[in-house]
Amino acid sequence: MLDIVVSGLLLSGTYALVAMGLNLQYGVARIMNLANGEILILGALASFWFYTTSQVSPLLTLVFITPASFVVNWLIYRFLLTPLVRRAKTQGALEVDSILATFGMSFIIIGIVVSIEGGFFAYNFLLDPISIIGSTTSLNRLVAFVIACAIGLALYLWLNLSRSGVAVRAVSVSTEAAGLVGINVPRVSAFAFALGGAITAAGGVLISTFITLDGSIGVVFTLKALIIVIMGGVGDVRGAIVAALILGLVETAVATLIDPGLTLAAAYLMFILVLLFRPEGLFGRRAT
Amino acid sequence: MKPAGMSELVWAAVLVFVAAFLPWMVNGYWLSIGVTAMMYIALSTSWVMFSGPTHYISLATGAFFGVGGYLVGAGMSDYQQSFWLMAVIAPIVGAILAALIGFATLRLSGVYFVIFTLGLAEMIRNVVSWVQNNFLGSRGLYVLTDFRDQHIYWMLLAVAAVVYLLGWFISRSRIGFALRIIGGDETVARHVGINTATAKVILFTTTGFFAALVGAIIAPRWSYIEPNQVFSPQLSFLVVIMALLGGAGRLWGPLVGVIPFTILWEWVAIQFPNQSTLFLGLCFLLIVYALPHGMVGRIEELRARMRRGA
């Protein structure tokens with residue numbers, strides 16, 4: 001029981017981080033990015049690849065893969081998604097277009113990743129056992145959790161305390177109103193999309209230290225991140241953290257008590273409950 | 001009744017009649033491609049019936065298709081039922097499942113629906129494998145019938161014709177009109193008194209019914225059924241691509257997309273077996289950036305331009 005709580009808690013840290021990345025992309029840049037999980041897989045692949053070929057620590061990989069992913073995602077937004085944003089007459093039309101375009105990107109990334117590394121990416125990093133309040137787990141999970149929390153906290157403070165963070169939040173509330181008060185909406189959107197991608201890739205590096213991944217598993221992470229974002233309420237950081245905690249705990253409980261093959265079904269069950277009872281998110285207010 | 005609508009129906013009847021002769025005209029290889037194409041025609045036409053007017057992208061086809069195929073396998077192998085009985089039960093189960101999913105997701109915005117259907121096939125596959133491993137024991141199911149490719153082909157052709165006819169009626173009925181308004185602007189639809197959720201759920205249920213039926217009919221082709229094989233998530237995406245490539249704005253749009261794409265896909269699978277996912281991705285990008293209204297949209301655009309020029 002205690003084991004479930006501890007490992008569920010440690011898992012939820014990374015989930016919360018990835019969901020924050022997606023939240024920036026969907027809540028601010030208004031792009032439903034279904035290639036999010038594939039960006040995560042790219043981060044994981046880079047980490048695996050550097051570690052197995054030249055023994056680069058994933059923590060070092062993290063430091064340079066995050067800005068690299070920022071640049072890549074900025075380019076994606078600038079050259080592939082901006083035309084769609086301009087073309088879209090309504091938010092609905094943009095959603096359909098961005099969903100289809102990001103599907104395309106996700107398949108292209110899967111195709112590339114699988115041709116680089118067709119098998120599993122697994123490596124042993126910081127596998128020392130440690131004991132937390134009487135439950136034994138491995139050090140890599142704890143390290144991943146701490147780093148995820150640190151990045152998440154930094155993001156939270158930046159969003160709430162800095163001037164540019166306020167601009168990002170303003171765009172997430174209303175693109176039109178933000179434009180009226182002199183915020184460069186296209187620039188902030190591109191920045192938020194790129195930042196979201198950078199955070200997702202960082203999450204991928206962290207996850208790869210303790211979970212075995214393969215090239216085609218990205219969609220599972222996309223789904224989990226989406227479920228967390230919806231459960232927490234779009235644009236709600238606090239809600240996303242609570243939702244990630246719930247998902248991490250439920251998933252770990254189902255995996256240990258029933259069957260590891262049913263974690264996705266558990267996530268779906270929660271998704272259905274949220275859709276039926278709290279579609280506006282855990283702390284959201286019902287739209288009128 | 002507008003004459004244009006009637007002539008469309010006459011054309012469809014002629015096409016079905018001609019298509020029925022395919023098994024006598026071609027060899028086994030092309031017939032097997034014909035079966036695949038006919039399967040996708042039925043699936044993507046029923047997809048367009050719902051997703052065309054509403055712009056809700058459904059990725060649930062694979063899930064319903066898998067349920068249909070799996071039920072036939074389980075019914076025939078584990079419970080010694082006849083194929084025909086299972087082919088009746090499967091679409092009903094598919095329809096019930098679709099209605100439940102529609103009820104949970106279609107009252108909300110389209111994004112929730114897409115996300116929900118995205119992992120649906122995978123989730124059902126996980127649950128089915130779990131049930132099978134823990135409670136049923138056996139892993140594979142046998143579907144042994146006397147059907148040959150041409151029989152499956154004719155059954156699929158019949159289904160495709162029925163789907164088309166139904167779609168034709170729906171697009172001329174009150175509910176079809178309601179769906180187009182929903183697709184145009186959902187708030188407007190609600191304000192003019194359309195029960196948007198009910199209209200969407202009814203149409204989505206129809207899609208689930210036909211996808212499960214197609215899955216059931218295809219099952220004898222494999223003869224050995226495994227959850228990993230019938231619940232292929234790729235199928236849902238292929239259906240979306242073919243429907244959009246042809247054009248989702250017209251009921252006959254998918255027909256234009258399916259036939260060239262099936263042949264192309266077959267070729268890619270043989271020539272570049274490892275690059276098929278990459279190819280799928282490129283197709284999506286091609287549709288979004290170059291053919292937003294599909295080939296049908298392009299054709300109609302050209303026609304309009306020629307008329308203006310003449």
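Mentor: The crossing of H9(A) and H11(A) is left-handed, a term used if the near helix is turned anticlockwise from the far one by less than a right angle, with clockwise giving right-handed. This is a predicted model, in which local features need pLDDT of at least 70 and side-chain atom pairs count only at pLDDT 80 or more, while totals for chains, interfaces and linings use all residues. Residues are numbered from 1 along each chain as its sequence is written, chains are lettered from A and ligands numbered from 1 in the order in which they are written, and side-chain values use heavy atoms, leaving out hydrogens and water.

Trainee: At what angle do the axes of H9(A) and H11(A) cross?

Mentor: Two packed helices are described by the angle and the distance between their axes. Here the axes of H9 (residues 218-232) and H11 (residues 263-277) of chain A come within 10 Å and cross at roughly 30 degrees. The two helices are therefore roughly parallel to each other, the word for angles under 35 degrees.

Trainee: Which residues of H9(A) and H11(A) make the contact?

Mentor: With contact meaning heavy atoms within 4.5 Å, H9(A) contributes Val220(A), Leu223(A), Ile227(A), Ile230(A) and Met231(A), and H11(A) contributes Leu264(A), Ala267(A), Tyr268(A), Met270(A), Phe271(A) and Val274(A).

Trainee: How many helices and strands are in chain B?

Mentor: Chain B has 16 helices and 2 strands, which are DSSP runs (H or I, at least four residues, for helices; E, at least two, for strands). Of its 310 residues, 53% are buried, that is, under 20% relative accessible area with a 1.4 Å probe, protein chains only. The C-alpha atoms of chain B fill a box of roughly 65 × 50 × 40 Å along the principal axes.

Methods:
Axes fitted to C-alpha atoms, helices over the stretch in contact; angles between N-to-C directions. Parallel < 35°, antiparallel > 145°, perpendicular 65-115°, else oblique. Buried < 20%, exposed > 50% of the residue type's maximum accessible area, 1.4 Å probe, protein only.
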